[in-house]
Amino acid sequence: MVRLVDGVLGAKPRERTYEGAVVVRNDLSVSAKLSFRTTCTHRRKVTTSVQVAPGDTYTFEHRPSKHFDFFMAVNVKEGKAHVVRGAKYALRLAGAEGAARSIVVDTVVPPERPKKGRLEKVRELSFGFAGCGFLGIYELGAAQCLSDEGVARNPYFRCAGTSGGALTAFIMMYGVPSMQQLVDNAKQKARDIRADPRHTAGLRKFIIESLATFWRDGSLEHPAFKEGRVEVVFAEAKDEHLWMFLEGCIGRVKKHQTSTFQTLMDAIIALLASSSAYFSGLPFNMPDESTGKDIKVADGLFVDNLPVVDEFSVTLKPFSDGGDILGASGRKADICPTEFVPMRWIAMPPSERTMQHLFELGYRDMEAWLDLHLEDHVEKVRASGKAPAISEELPPVEFVCADDGMRWYDEVLAAVPVKMQEQLGLTKKHASEGSSPDAEAGGDDGSDYQGDDASDCEALLAADEEDSLGDCRSPEEDLKS
């Protein structure tokens, strides 16, 4: 019944079966009680709880099934983690002596990621990434899979993105080898917002900080950006006022899909414009190169939430949208989650372990599409007679950034309204504002929020981690709500 409802709500059928064990070593000084549940919406318990003595190792052997990962609980609620078939983990105690301590699950050996390199030379392939908010973590998983297959070295590959999908395109095409730091940053931001939703006001700063993990002053010389193979979608309003959302509803916005960036700032501001969906940042003014005048810009979801490079682009959407009768979230996607993923997680993220599951889900769904559909897709493009006309054989992309500086960071903070008071026009931004990301680590997130008492936040998070309805309700319960 759950699979049926998932399908009605827009989830794709899972076409692969998975096998392999989860290995857990108990490095605690006391016995640990382990239990495992599925990660899908109904969280079914898949085995009886087991006691693991100090120093012992437990191997969780689950039968071959559609499940590639699980949620593991240690001593019922003392420790919780997301675990994957084929990986090895260890339990340890975290925290100082005499203080409140918790059980942490460390990854000792990650799941194997076969790198076949099959995308390094494919000419008949382009991708479109949907706008997605916090569900961008699913797209990061898909991008990690594409990167492992060599897509960043492919000199022919092109992609387009809206909002979070544009950020994913930047990360993947630049050749970031591992997405895990970005995943960890997203999980921490989600934790902050779940503790207090007022931290949502700092999402524009968070996007800039995410870009700062890899983007440098010489990054625009990367062949993917220099050759215009990365396209960003954002919206332009006809009238210069704040409520672009209403204009989007009545079709009074103009679509920009640009791949030509004259300066580093052009690329960054286009990305920020594409990622301004009110909850992630308010519309703002940016200079229009063609007229020299300022235009009001906002998130690309108002004009095209699932962009394409051409008619054969493979499209990816990180949520289930079976109930989107009007098509507000964009065209039907070639790749989307193989289980029910509610759209509410776009703005209000789930727990950290569910986000890690969504990253793994994105990886596995993309891997399955490549295994089962890539060859057919390439043959379809070739048979159409519209395959890209490329006469010369291009070498694989290699890039070393010649300017590793971060001047762009201060320039962006000075040019774009970041703090909520600036976005609302209550305060003016001064050109002298801005500081390096290192200097701001752990500091102002741009939300103008000073924080609550630490005990209040911990209480909220403790309640948030309960295995009740907060994280992943069943599809039937979601329909009732």
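**The annotated site and its setting**

Author: Asp 299 counts as buried because its relative accessibility is 0%, where buried means under 20% relative accessible area, exposed over 50% and partly exposed in between (1.4 Å probe, protein chains only). This is a predicted model in which local features need pLDDT of at least 70 and side-chain atom pairs count only at pLDDT 80 or more, while totals for chains, interfaces and linings use all residues. Residues are numbered from 1 along each chain as its sequence is written, and side-chain values use heavy atoms, with hydrogens and water left out.

Reader: What is the mean pLDDT of the protein?

Author: pLDDT is the predictor's confidence in each residue, from 0 to 100. A value of 70 or more is reached by 82% of the residues, and the mean pLDDT is 85.

Reader: Which residues does the UniProt annotation "active site" cover?

Author: UniProt positions are given in the numbering used here, feature names are shortened, and annotations may be inferred rather than shown by experiment. The entry is unreviewed, and its "active site" annotation covers Ser 163 and Asp 299.

Reader: What is the largest C-alpha distance in this set?

Author: The annotated residues are spread over 137 residues of sequence.

Reader: Is Ser 163 buried or exposed?

Author: Ser 163 is found in the loop between strand 10 (158-162) and helix 3 (164-174); helices (H or I, at least four residues) and strands (E, at least two) are DSSP runs, numbered from the N terminus. Because its relative accessibility is 8%, Ser 163 counts as buried.

Reader: With which side chain does the side chain of Asp 299 make a polar contact?

Author: Asp 299 lies in strand 14 (residues 294-299). A polar contact is a pair of N or O atoms within 3.5 Å; within protein, one must be able to donate a hydrogen and the other to accept it, and residues adjacent in sequence count only if both atoms are side-chain atoms. At 2.9 Å, the partner of the Asp 299 side chain is the side chain of Ser 163.
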